[in-house]
Amino acid sequence: MVKFVIRRMLVMIPQLFLLSLIIFVLAKQMPGDAVTGAFMGNPNVTAEQVEKIREQYGLNDPWYVQYGAWVGKAVKGDLGQSYTHKQPVTSLLAGRVVNTVTLSLFVLIVSYAVAIPLGIIAGRWTDSWADKLIVTYNYFSFATPLFVFALLMLFVFGFILGWFPTGGSVDIRIESGTFAQFMSKLHHLVLPGLSGALLATFGTIQYLRNDIIDTKLKDFVKTARSKGVPEGKVYTRHILRNSLLPIAAFLGYEITGLIGGSIFLETIFSYPGLGQLFIQSITGRDFTVVTAIVMISGTAVIVGTMLSDVILSAIDPRIRIE
Amino acid sequence: MSLLNVKDLEVHFPIRGGFFRRVVDQVRAVDGVSFELEPGETYGLVGESGCGKTTTGRAIIGLNKATGGEVLFNGQNLANMNSHDRKKHIRDIQMIFQDPYSSLNGRKNVLNIIAEPLRNFERLSPKEELTRVQNMIERVGLSPESIYKYPHQFSGGQRQRIGIARALMLNPKLIIADEPVSALDVSVQAQVLNFMQEIQKDFGLTYLFISHDLGVIKHICDRIGIMYKGRFVEEGTAKDVYTNPQHLYTKRLIASIPEMDPEKRFEKKEIREEINNAYRNEYDSYFDKDGRMFDLKPLTPTHSVAVQQGGM
Amino acid sequence: ACNGDNSADGGKDTGKDKGKDDGKTEQGGEDTTAKLDFPLDVSNDAEPMEDGEMTIAMVAGEPFEGTLNRNFYSGTYDAEILSYFDEALLDTDGDYLITNDGAATYELSEDNKTLTLKIKDGVKWHDGEPVKTSDLLYSYELLGHPDYAGNRYDFMIENVVGMPEYHEGKTKEISGIEIIDDQEMKFTYTEATPSILSGFWSYATPRHHVGDVMTGEVTIKDLESSDKIRVNPIGFGPYKIDKIVPGESVLYSRNDDYWRGKPALKSIVQKVVSPATIVESVKKGDIDLASIPADQYETVKDVDNIELLAQVDYAYTYIGFKQGKWDATKKENVTDPDAKMASKELRQAMWYAMDNATIGEKLYHGLRFPATSLIIPVFESFHDESVEGRMFDPEKAKQLLDDAGFEDKDGDGFREDQNGEELVINFASMSGGETAEPIAKAYMQNWADVGLKVELVDGRLHDFNAFYDMVENDDPKIDIYQGAWGTGSDPDPSGLYGRTASFNYTRYTSEKNDELLKAGTSEKAFDTEYRKDIYNQWQELMFEDVPVAPTVYRYALTSANKRVVNYSIDPGSDLRLFQMGVAE
Amino acid sequence: MVTVNQKELIAKEKANNPSLLKTIWREIRHDKMAMISLVLLLGIIITAYSSPLFIDQEQLQRVNFLETWEEPSETHLLGTDDGGRDVFGQLLIGTRNSFTIGLSVTLIAGLFGLTVGLIAGYFGGLVDNVIMRIIDFLLVLPSTMFIIVFIVIVPDYSVFTFVLMMSAFAWFGKARLIRSKGLAERELDYINASKTLGTPSWKIMFFEMFPNLSSLVIVNMTLTLAGNIGLETSLTFLGFGLPASTPSLGTLIAFATNPDIVQNKWWVWLPASLLILIMMLCINYIGQAVKRASDARQRLA
Amino acid sequence: MAETVLEIENLRTSFNIKGNYYAAVDGVSLTVHKNEVVAIVGESGCGKSALALSIMGLHNAKTTKLEGQANLKGQNLLSLPVEKLNKIRGKDLGMIFQDPMTALNPLATIGRQIEEPMDYHMKLSGSAKRKRVLELLEQVGIKNGPRVYKQYPHELSGGMRQRVVIAIALACNPVMLIADEPTTALDVTIQAQIMDLMKDLQRITDSGIILITHDLGVVAEMADRVAVMYAGQFVEIADVNTLFAKPLHPYTRSLLSSIPSNMTDKEELHVIEGIVPSIQNLDREGCRFAPRIPWISEEAHEDNPTLHEVEPGHFVRCTCYKDFHFPEERVEDENYVTT
Ligand SMILES: Nc1ncnc2c1ncn2[C@@H]1O[C@H](COP(=O)(O)OP(=O)(O)OP(=O)(O)O)[C@@H](O)[C@H]1O
Ligand SMILES: Nc1ncnc2c1ncn2[C@@H]1O[C@H](COP(=O)(O)OP(=O)(O)OP(=O)(O)O)[C@@H](O)[C@H]1O
Ligand SMILES: [Mg+2]
Ligand SMILES: [Mg+2]
């Protein structure tokens with residue numbers, strides 16, 4: 001197991017290299033750079049001064065020189081300096097990563113918490129009114145654009161009903177490190193998290209429902225029934241575990257969706273995280289930050305797929321990881 | 001000259017593992033098999049599941065690559081031919097598959113299924129093609145309107161006939177039948193077996209008949225090879241093998257056939273127990289240190305057994 | 001100096017800029033020629049309550065950067081934060097000129113080349129250390145440092161004697177700055193220019209707190225990312241920073257030792273609120289102060305728990321006509337007489353053709369109105385009222401074009417150029433904000449109506465960087481573009497229109513222009529009348545030559561909850577930030 | 001030989017065994033929801049695609065600041081937007097563009113994914129290994145972010161380039177799906193049979209294997225078609241939408257950037273949202289019917 | 001005669017296909033005694049599995065209609081609610097499924113799966129359960145029980161798995177066992193082992209067994225009595241010796257003569273014409289086998305033949321059996337002279 005994880009980590013390295021190379025080259029292709037327009041704030045600066053800054057940041061070097069320098073540092077854990085934020089990318093991202101991870105985990109957990117029971121109900125009682133309702137909800141969640149839904153949620157629960165805060169990740173007035181602060185963070189998470197989660201259930205419900213319908217007819221389920229296992233337990237002990245396998249297998253790719261979704265959620269709910277920062281850095285041509293965020297997202301997906309392999313191997317004895 | 005001469009055929013599958021998916025071991029699916037087929041005869045390959053029967057058949061026709069040995073068909077070695085050359089010979093060898101459901105493409109109608117080999121080897125006008133197919137379909141005992149039906153509209157036996165019709169389309173000399181009846185009900189099985197015997201006469205076919213059902217093999221085959229773990233343990237005429245089994249494994253296999261006479265069931269059980277005991281005790285004289293069979297040793301001109309050199 | 005504002009037009013868009021450096025809540029111009037009438041002060045005149053608390057919005061679609069130091073910050077939102085806990089040593093008046101009402105006083109020598117600055121008693125950093133002259137010197141040492149990579153090493157800094165040598169790393173000391181004692185220091189300038197009065201850099205840096213670059217204690221790079229300016233920065237303003245949630249919010253508490261007196265509020269929370277939700281938040285009463293995007297004016301206008309304050313912003317939008325190239329070796333603009341946009345009449349006609357009044361009226365509900373000259377009305381003394389701009393007049397435009405030989409010879413509805421060749425003008429405009437697109441579209445329609453075929457470069461709007469990348473580098477794809485400048489405290493336009501100004505994107509040059517710009521900042525220009533006359537001539541020249549056609553001036557809208565007292569957006573106001581409070 | 005009577009039988013049999021398309025049609029006819037969906041969807045598409053006949057795009061795109069944000073009325077069935085442009089007209093043109101985008105992405109990504117997937121699935125072994133390593137890598141890419149970067153880079157951002165970009169990130173999921181089914185399919189004897197009959201590989205892939213995966217492909221395509229129609233909506237919201245000269249449903253929906261518009265100017269974004277929803281539901285219901293048609297066990301007809 | 005354990009009376013199982021109910025098991029009656037193996041044989045699709053699943057209550061309740069009775073210990077299994085049925089299934093009534101590859105939950109250990117019925121039917125402590133499992137494993141001939149206890153199905157061979165399936169069915173000492181083709185999926189050698197095992201076990205457990213198969217060889221080796229099934233009905237019931245020595249019903253005779261058994265050699269086998277009709281296409285009037293022996297004149301068939309006892313314990317559903325002959329007169333055997 002440990003060996004497996006280590007091996008996957010090793011596979012990750014060339015993948016990340018390739019990823020970094022691609023994103024680096026692409027980032028450089030974007031018109032303009034971090035310095036473009038940055039001096040607009042002060043027209044009394046001379047053209048030389050601007051060029052001097054470009055030189056200082058190495059922006060005039062050919063891309064492979066820049067990439068080489070970047071990789072050299074990245075290997076040591078230094079992801080470079082953000083031009084816009086004037087600080088090392090690592091420390092810039094540190095706080096946002098926590099936020100985005102928290103939000104994504106919340107979305108992930110809530111979406112599973114919603115989707116799994118619904119998937120089970122729909123799969124167990126196929127063609128019942130509950131199933132039809134769930135399937136309809138599923139179509140709707142598939143067809144509704146995230147940002148429209150998030151805005152509606154914000155509008156209804158944040159403003160009209162006033163149940164939840166309408167932006168930010170925490171109430172700054174609450175003392176750090178207290179339980180109250182934790183609750184405040186949670187309170188701020190609910191609305192963006194829920195908006196994301198309720199629309200992220202599509203795949204899970206769909207897969208679970210179909211898989212339960214298939215698994216229901218399998219022989220081992222008949223065996224279980226013939227043992228006198230009560231109906232409820234047939235589902236919890238036999239069908240469900242088997243049907244959760246595809247869900248676990250998709251965990252890794254689910255993360256791609258979460259990352260995409262976080263861009264919207266963070267923008268709408270003013271939640272400072274990677275997604276929001278990404279858009280800001282793209283517009284600001286803060287290449288180092290763009291590269292770093294893409295790398296982090298890529299790593300997250302790789303780790304996610306690895307995690308789903310580990311989980312799969314934990315529940316499925318047929319998959320042995322050596 | 002024999003039609004097919006298989007010499008020391010080996011098919012090894014690599015087992016990959018480790019970080020770079022290197023080959024860490026081999027599955028010796030077929031591990032030095034030799035036999036000959038005379039024109040017009042039916043040769044049976046029997047053995048338990050996984051002993052390498054299918055792989056042998058597939059290696060002959062080229063679906064698996066032989067990793068060693070020769071497959072001489074009409075004197076030509078098919079094993080080391082490239083796919084282009086093989087194509088010229090392959091039309092003389094055809095295959096009938098086990099599962100009448102998966103061996104027909106469910107998306108094509110019978111006409112398209114049966115015409116497939118024609119389209120690959122002969123340039124015919126649609127009309128000629130239709131006549132050829134229609135003739136064949138009648139020959140295998142299906143009604144002419146069947147050609148526009150789809151496989152799922154037929155029973156298992158009928159589907160197997162379609163498969164056979166397809167194989168016969170190019171007038172092959174050798175047919176490799178891989179468990180052609182195992183998936184069928186007894187009654188249908190009888191139908192197919194009868195039919196296969198019938199066309200063998202009409203078309204002058206040679207069969208390599210693969211099965212694990214000793215009853216069927218005995219019924220249809222002239223000569224039989226018993227396989228175990230990728231090797232032959234015994235080879236001989238049907239009579240040699242059934243009435244005078246030499247190798248312990250053969251005996252065990254034959255003893256496993258259910259007894260059709262209810263009165264004798266307890267006797268049969270005892271025989272089995274005896275053989276099982278013998279199997280435990282005398283294992284060493286039938287298998288070498290590595291658990292491999294010995295090479296075949298002729299007992300009579302028609303009958304050979306894999307026992308240690310120098311007798312048992 | 002002029003401050004540039006690059007965001008073409010309001011709305012949600014980049015926070016990169018720029019521009020509103022000086023914190024518009026603090027300063028502003030005299031009442032101007034606005035059409036709408038907004039108050040500058042809140043009307044509630046109750047006494048502020050003891051220990052009040054306030055919530056202030058930073059209206060932004062993205063997180064603030066949090067570089068909380070005057071020398072290094074670049075974002076507008078950082079500037080907003082800075083204004084609460086840090087201030088300049090010298091206060092300014094309604095004309096943006098330095099006064100003696102701040103934490104320090106100044107005196108200018110006879111030859112206008114030496115400025116003596118004295119820090120008042122009792123001015124203390126938040127940690128209790130007194131603010132010393134060495135702290136102001138430190139700012140200059142940082143800005144001029146060879147490693148400094150920010151955007152504030154400009155003409156006004158370089159003008160200090162000895163600064164260029166220091167900047168190149170030849171000396172370790174700036175000879176033009178002399179420390180007399182902890183409270184008194186002297187600045188000597190190479191050139192005497194009225195810009196000193198508006199561009200003097202009087203932001204001190206707490207040397208003891210952030211660490212000294214000069215002794216090698218820290219490096220510039222460390223400093224930029226140091227916790228000392230990101231997590232627990234200090235200043236000597238009315239409020240202290242208690243806590244920062246990066247990118248999201250800031251909590252301030254009262255600075256009881258503030259040199260002007262005890263601030264009215266016990267604490268302030270300043271947080272990022274998305275432009276999408278600002279109006280709802282304001283309505284709900286969550287937010288006491290916020291700037292409102294112009295396109296949402298309609299929705300806030302009738303909210304009854306707030307009051308809208310507005311002043312004309314220090315910015316104008318314009319259409320630039322590319323007329324040449326930047327010569328990198330000579331470091332000056334070279335006008336090409338054969339440029340597509342070389343015809344003065346064509347440029348004039350295009351200005352006439354634009355219906356800015358309707359845009360301001362309909363799209364911005366009057367919050368924007370047609371611009372007339374390149375010196376905005378805020379600079380009351382220099383804005384030339386007599387220049388009336390070229391108001392929407394398509395007939396006149398057609399006439400001009402006809403006379404100049406731009407005629408539709410092939411009858412396709414579009415005019416050909418003087419030589420009868422097809423004329424397609426390529427127009428670049430920036431994306432961002434909802435209005436960018438309809439406005440660009442409207443101008444193109446306007447021009448089409450007078451027979452000019454104008455097409456969008458690449459068929460689309462470009463984002464900030466792509467746009468400026470093309471404009472800066474004189475991309476031949478561009479003939480005209482829509483830009484915006486934010487003007488800061490200095491009316492001097494030479495940074496934007498001078499021969500050697502790299503920001504003179506139109507690459508328009510003329511000798512007359514050179515002359516006038518030079519005169520405007522000469523020593524003589526300390527005489528306001530003289531300067532006014534020079535600038536009037538310059539505005540006249542610009543009106544005639546139309547290197548750019550100014551399109552609209554804009555109002556900046558602030559909403560204040562009705563409980564807010566002692567608050568004004570008038571830069572000339574006597575109210576100071578520490579007096580701001582909330583009533584019961 | 002074949003008798004006259006038999007000829008009739010043959011003809012009858014021929015007629016009785018309809019193609020997949022006919023089966024699908026039959027299935028749809030037997031499913032009320034699917035039938036309604038089909039009619040509705042065709043209606044929408046036909047209206048949208050014939051809109052150039054009665055709408056002057058040039059005229060429609062003209063901004064008119066005298067008529068901004070007008071409520072629905074007789075002259076403007078669905079009111080006007082911030083530039084005073086008719087929302088109804090934009091809705092029609094937008095539907096056309098969005099549907100074109102959705103369909104093209106689905107087809108291009110589908111075709112490419114199909115080919116790659118078939119090749120990997122059919123050949124298996126080393127070929128499969130190499131292809132899968134590449135696809136595994138591609139799947140790791142955070143696609144939303146990459147698309148945004150691409151959008152910033154392309155100089156000429158149009159429906160065409162947009163479709164290419166989206167397709168570039170949409171094919172590998174399909175390839176993976178097809179490949180896994182293909183691997184299973186290749187073990188089946190009908191493939192072996194074709195090989196022994198001398199049929200060349202490419203023919204086996206496309207004429208033997210593909211038809212057996214076609215139902216899977218169709219079902220998957222309908223689903224992604226529904227998804228792809230909504231694709232540019234989100235990008236438009238983030239400010240990376242198509243140029244305004246190409247109005248799409250996304251452009252209209254992305255007007256919903258603040259609660260005021262959501263609440264008070266519903267006519268701009270709501271019809272487009274509903275239209276997307278309706279189209280997706282329709283496609284889904286049709287997809288369900290297609291799915292059933294491809295699985296004899298589930299057929300209603 | 002031994003005590004009756006299961007009494008099936010007029011059992012009818014109908015499936016809902018597009019709104020109509022079609023009987024797959026069409027009025028079947030059978031008694032199974034203690035310590036007796038009753039085999040049910042017939043071609044694929046004749047309703048054998050449908051019958052077994054009806055007794056076990058494993059059909060989908062929504063689409064299946066069960067009529068008649070299947071009495072076990074005085075309770076009619078067909079009309080019991082699931083909760084009550086669950087008290088019987090796994091305890092008094094065990095089932096062995098055909099395919100050992102799919103009959104076990106791939107995600108649970110062998111130990112867990114054998115213990116599971118004990119959870120619901122026996123009050124045993126954890127260690128007692130484990131002990132019982134090891135005992136069972138031993139009984140079904142698995143030697144290294146403690147190891148297998150912890151293993152997962154995929155780690156075992158087909159034969160081993162089938163033994164485990166049998167162990168599960170035997171876990172709570174059922175009085176009645178239903179085995180649906182327990183050896184069909186196995187190799188001949190393993191089939192022989194499993195058959196021997198079942199015979200041994202029955203001696204120990206005393207339970208009644210219904211053995212479903214289409215392999216007459218298995219019947220000959222295992223069964224005490226045989227019921228031949230065709231198109232949802234029993235067409236012949238007899239004890240095993242009688243049936244093999246003196247089959248009466250044309251269907252039984254056809255089946256027997258189509259086996260390529262030890263006796264025949266390269267001869268043509270008998271082929272039963274046509275196929276088993278599907279339940280929708282089945283003509284339920286008259287003799288159901290008649291269409292497959294078209295050379296027998298129509299008059300020979302009785303309308304709606306019933307199962308009648310021709311000899312003590314030998315039931316046949318046919319009146320034409322006396323005149324039945326194979327078309328080519330091939331197996332016109334002296335054995336078949338009528339009694
Ligand atoms: N493509 C392959 N890769 C690896 N191993 C294989 C492959 N094909 C077959 N084998 C192995 O080779 C051995 C022989 O298989 P084969 O299918 O020839 O047996 P068989 O005698 O036909 O069995 P059955 O009666 O089950 O069909 C088995 O152990 C099988 O697992
Ligand atoms: N759930 C069901 N719904 C509809 N028809 C069914 C159902 N189950 C079985 N049938 C039909 O009932 C008939 C009897 O099926 P059954 O499975 O009992 O046959 P069998 O004798 O067990 O055959 P095999 O030997 O193939 O297992 C078949 O025609 C089958 O198609
Ligand atoms: Mg095989
Ligand atoms: Mg069955």
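Between chain B and chain E the count is three salt bridges, where a salt bridge is taken as a side-chain nitrogen of Lys or Arg within 4 Å of a carboxyl oxygen of Asp or Glu. One of these joins the side chains of K269(B) and D200(E), with a distance of 2.6 Å from N to O.

Before going on, let me state the conventions. This is a predicted model, in which local features need pLDDT of at least 70 and side-chain atom pairs count only at pLDDT 80 or more, while totals for chains, interfaces and linings use all residues. Residues are numbered from 1 along each chain as its sequence is written, chains are lettered from A and ligands numbered from 1 in the order in which they are written, and side-chain values use heavy atoms, with hydrogens and water left out.

Back to the interface of chain B and chain E. Across this interface the rule finds 10 residue pairs in polar contact, with both residues at pLDDT 80 or more; a polar contact is a pair of N or O atoms within 3.5 Å, where within protein one must be able to donate a hydrogen and the other to accept it, and residues adjacent in sequence count only if both atoms are side-chain atoms. On the side of chain B that touches chain E, the elements giving two or more residues are α6 (186–203), α7 (214–220), α9 (248–255) and α10 (265–281) of chain B, and α6(B) gives the most, with eight residues. Helices (H or I, at least four residues) and strands (E, at least two) are DSSP runs, numbered from the N terminus. The residues of that side of chain B divide into 13 nonpolar, 12 polar and 12 charged, counting Ala, Val, Leu, Ile, Met, Phe, Trp, Tyr, Cys and Pro as nonpolar, Asp, Glu, Lys and Arg as charged, and the others, Gly among them, as polar.

How much area do chain B and chain E bury between them? The value is about 3,400 Å², 54% of it on carbon and sulfur atoms, buried area being the accessible area (1.4 Å probe) that two parts lose on being put together, summed over both. In chain B, the residues that lose the most area to chain E are H219(B), M260(B) and R265(B), which together make up 21% of what that side buries. The contact, meaning heavy atoms within 4.5 Å, takes 37 residues from chain B and 44 residues from chain E.

Now to chain B itself, which has 11 helices and 12 strands. Its C-alpha trace spans about 65 × 55 × 45 Å along the principal axes. With 312 residues, a compact globule would have a radius of gyration near 20 Å, and the 21 Å of chain B agrees with that; the radius is taken over C-alpha atoms, and the globule rule is 2.2 Å times the number of residues to the power 0.38. Of the 312 residues, 60% count as buried, where buried means under 20% relative accessible area, exposed over 50%, and partly exposed in between (1.4 Å probe, protein chains only).

Two residues deserve a word on their backbone. K229(B), in the loop between β9 (223–228) and β10 (231–237) of chain B, has a phi near 45°, a positive value in a residue other than glycine, and is partly exposed, with a relative accessible area of 47%. R507(C), in the loop between α16 (494–497) and α17 (511–520) of chain C, has a phi near 65°, again positive in a residue other than glycine, but R507(C) is buried, with a relative accessible area of 1%.
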